[in-house]
Amino acid sequence: MLDFDPLYSTPQVAAIEQFIDQHYSLAGPVSCRMLQRGLNDVYLALGSNGERYVFRLSHRRARGPADVKTETAFLTHLSQSGVPVAAPIPTREGSLFIQGQAPEGARQAVLFRAIDGRKPDATDAGDARANGKTLALMHNAAETFQPDGALYRLDLEHLLHRPLARICDSGVVEDAEVRSDLEDIAARTAKAIEAFANLSWTHCHGDCHGFNARINDAGEAVFFDFDDGGSGYLAYDLSVFLWAQTSFGRRSTAMWDAFVDGYRAVRPITPDDFEAAHRFVILRHIWLMGEYASRAQEWGSETVGWIAREANFLRQWETGRCVERLF
């Protein structure tokens, strides 16, 4: 019996190595090192033959349990459709994911073969176009994907209303006027999005900001990190790249233009989807704020204190980029 029940534990590397050896048919023994601790725990795993893998252990999330069943099924569908992605490796029993027990409860795990290639260059238009092309290929393949019991639906409730509630409930934004401002921006944004009559729906990557990819020798962007994905607005999937170019003090849209060019070289974008993508930047930012606010107890209020300052960015974006849809 523990005096302090954990929100989030960090496994010993030896336990991760043992888990992989037990459940996967790799050339063992496997050696691991942690790459990242946070929204997920991510490890580099090396087989005794030199093969490289990435092992991801899902973390608790306010938006609900990790939907690894749909995620891994979608990745397999994309890989079989010729879309460059990091597909999951089956366990010894043939499952695309597995669950293990930690002190805080069950955590889901997936093993991927490591992607060859380099990290994208934030200032390289060719890399931006490659990201746009792969996203378009993904959306084409998504037209024949039929998820079974998906947990996430990237709609206004998931992207806007629940994240806003997490922000307000977390206590991170102490100023009542700022909270009211956020609520007003959210209400106007929801109304503007609902005013679009013909927004496209697809299976989204959910986090295509330009760096969840590696650029291979052929110049393709090979995608990974699909755990924020789900059935949702195509305009939102586009907007994440634009958001990455314009949030947190960034102001350039040149790479967004290249990204759109790459996408349109494979697949057209409807006028409504393109216009709505600018509005969805607000949803993306509020969604991220909600993700961080939901971890205030774990990471500390100082770590997530930046959330209280973000109404300024949302207000400026709304008035500067979306004014024609305000009323």
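Helices (H or I, at least four residues) and strands (E, at least two) are DSSP runs, numbered from the N terminus. With that in hand, welcome to this predicted model, where local features need pLDDT of at least 70, side-chain atom pairs count only at pLDDT 80 or more, and totals for chains, interfaces and linings use all residues. Residues are numbered from 1 along each chain as its sequence is written, and side-chain values use heavy atoms, with hydrogens and water left out.

**A loop residue to start with**
- Phe-248 is found in the loop between α6 (234-246) and α7 (254-264).
- Its phi is near 50 degrees, a positive value in a residue other than glycine.
- At 40% relative accessibility, Phe-248 is partly exposed (buried means under 20% relative accessible area, exposed over 50%, partly exposed in between, with a 1.4 Å probe and protein chains only).
- Phe-248 also belongs to a cluster that ring pairs build together with Trp-243, Tyr-292, Trp-299 and Trp-306.

**Aromatic pairs**
- The whole structure holds 15 aromatic pairs (rings of Phe, Tyr and Trp, its six-membered ring, pair if their centres lie within 6.5 Å; planes under 30 degrees apart count as stacked, over 60 as edge-to-face and the rest as tilted).
- Trp-201 and Tyr-233 form an edge-to-face pair, because their ring centres are 4.9 Å apart and their planes meet at 70 degrees.
- This pair links distant parts of the chain, with Trp-201 in strand β7 (residues 201-204) and Tyr-233 in strand β10 (residues 230-233), 32 residues apart.
- Trp-201 is partly exposed at 36%, whereas Tyr-233 is buried at 15%.
- Phe-313 and Trp-317 make a tilted pair, since their centres are 6.3 Å apart and their planes at 35 degrees.
- Both of these residues lie in helix α10 (residues 311-321), four residues apart, about one turn of the helix, and both Phe-313 and Trp-317 are buried.

- Helix α2 (residues 68-80) and helix α3 (residues 125-142) pack at about 105 degrees, with axes 10 Å apart (axes are lines fitted to C-alpha atoms, for helices over the stretch in contact, and angles run from 0 to 180 degrees between N-to-C directions).
- Phe-74, His-77 and Leu-78 of α2 meet Met-138, Ala-141 and Ala-142 of α3 (contact means heavy atoms within 4.5 Å).

**One more backbone feature**
- The peptide bond from Gly-28 to Pro-29 is cis, with omega near 0 degrees.
- Pro-29 sits in the loop between α1 (13-23) and β1 (31-36).
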